[in-house]
Amino acid sequence: PTVVGPNTTFYITDHHQFALSLIQANLLKAKNPVTARVVYACIQDNFSDQSQDGFWSKMIEKNYTYLNNEKGDSISVSELPTTLKYMRDDPFRTLSQWVRDGFGYIKCGMPKTEHLVQCAGQNHVPFFLEFQWANFLRSKFSSLDLESLLRPILRPPLTDYFYRENSQQQLSDLKSLLTMSLEFAQGVEAVNLPGFNQDPQICKPKVVQVDEHGCDGSE
């Protein structure tokens, strides 16, 4: 999904990770590089007639842009990455995805959840749902001593814990927090979040099996 902005610049509004993966796959080395460089997009809106300020006002109004950084802090439009290559990783967004896949919370508007009572009449997915849950989990774990929880013997001085780990260590540590994350998602503090699992007897929360690449088999 893409929005056309001033100077006919294209702005991706979803599936950023997939698009970044295409870049990192280095498809230019494919046997047919011209064909490999073609990516099709769905145009959601065309704001090419707007000024730069008017364009971003439209993007915010339509919920096409998420003005928070990888730590959940609010940012301005000028602080957004100018290209996919500059995207920053939010490890709690990954954790949020795994919790959702294990029915820790419900994403209405999807084929797997359309039969649920709580999804009746909801034809669209709530805006930034996974990020809202990522911020919730971030807030829950920020109150815990993660160094003691994950490193009971060796306690390195990590101020921003997950953000300073390499990808494999981060993956291992996030996986170890899945059970606790599911418990948080079913707790009273999560009741008012969009997608709270209102009937865990029908969609029983479970810990998804995540492989060494961070992928799970829920799809």
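Trainee: At what angle do H4 and H5 pack?
Mentor: About 110°, with their axes 8 Å apart. Here H4 is residues 91-101, and H5 is residues 129-142. Axes are lines fitted to C-alpha atoms, for helices over the stretch in contact, and angles run from 0 to 180 degrees between N-to-C directions.

Trainee: What does that make H4 relative to H5?
Mentor: Roughly perpendicular. That label covers 65 to 115 degrees; under 35 is roughly parallel, over 145 roughly antiparallel, and the rest oblique.

Trainee: Which residues meet there?
Mentor: From H4, Phe92, Arg93, Leu95, Ser96, Gln97, Val99 and Arg100. They meet Glu130, Phe131, Trp133, Ala134, Leu137, Arg138 and Phe141 in H5. Contact means heavy atoms within 4.5 Å.

Trainee: What should I know about the model itself?
Mentor: This is a predicted model: local features need pLDDT of at least 70, side-chain atom pairs count only at pLDDT 80 or more, and totals for chains, interfaces and linings use all residues. Residues are numbered from 1 along each chain as its sequence is written, and side-chain values use heavy atoms, leaving out hydrogens and water.

Trainee: Back to H5. How many residues does H5 have, and how far does the helix reach?
Mentor: H5 has 14 residues and reaches 20 Å from first C-alpha to last. That is close to the expected 20 Å, which is 1.5 Å times one less than the number of residues.

Trainee: Which H5 residues are buried?
Mentor: Leu129, Glu130, Trp133, Ala134, Phe136, Leu137, Arg138, Lys140 and Phe141. Buried means under 20% relative accessible area, with a 1.4 Å probe and protein chains only; exposed is over 50%, partly exposed in between.

Trainee: And what share of the protein is buried?
Mentor: Buried residues make up 37% of the 219 residues.

Trainee: New topic. In what order do the strands of the sheet run?
Mentor: S2-S1-S3, in an open sheet with mixed pairing. The edge strands are S2 (10-12) and S3 (43-46), each pairing on one side only. Strands pair if DSSP finds at least two bridges between them.

Trainee: How many bridges join S1 and S2?
Mentor: Three, in the antiparallel sense; S1 is residues 2-4. Val4 has Phe10 in S2 as its bridge partner.

Trainee: Which helix lies across S1 and S2?
Mentor: H3, residues 52-61, at about 25° to S2.

Trainee: How many helices and strands in total?
Mentor: Eight helices and three strands. These are DSSP runs numbered from the N terminus: helices are H or I, at least four residues, and strands are E, at least two.
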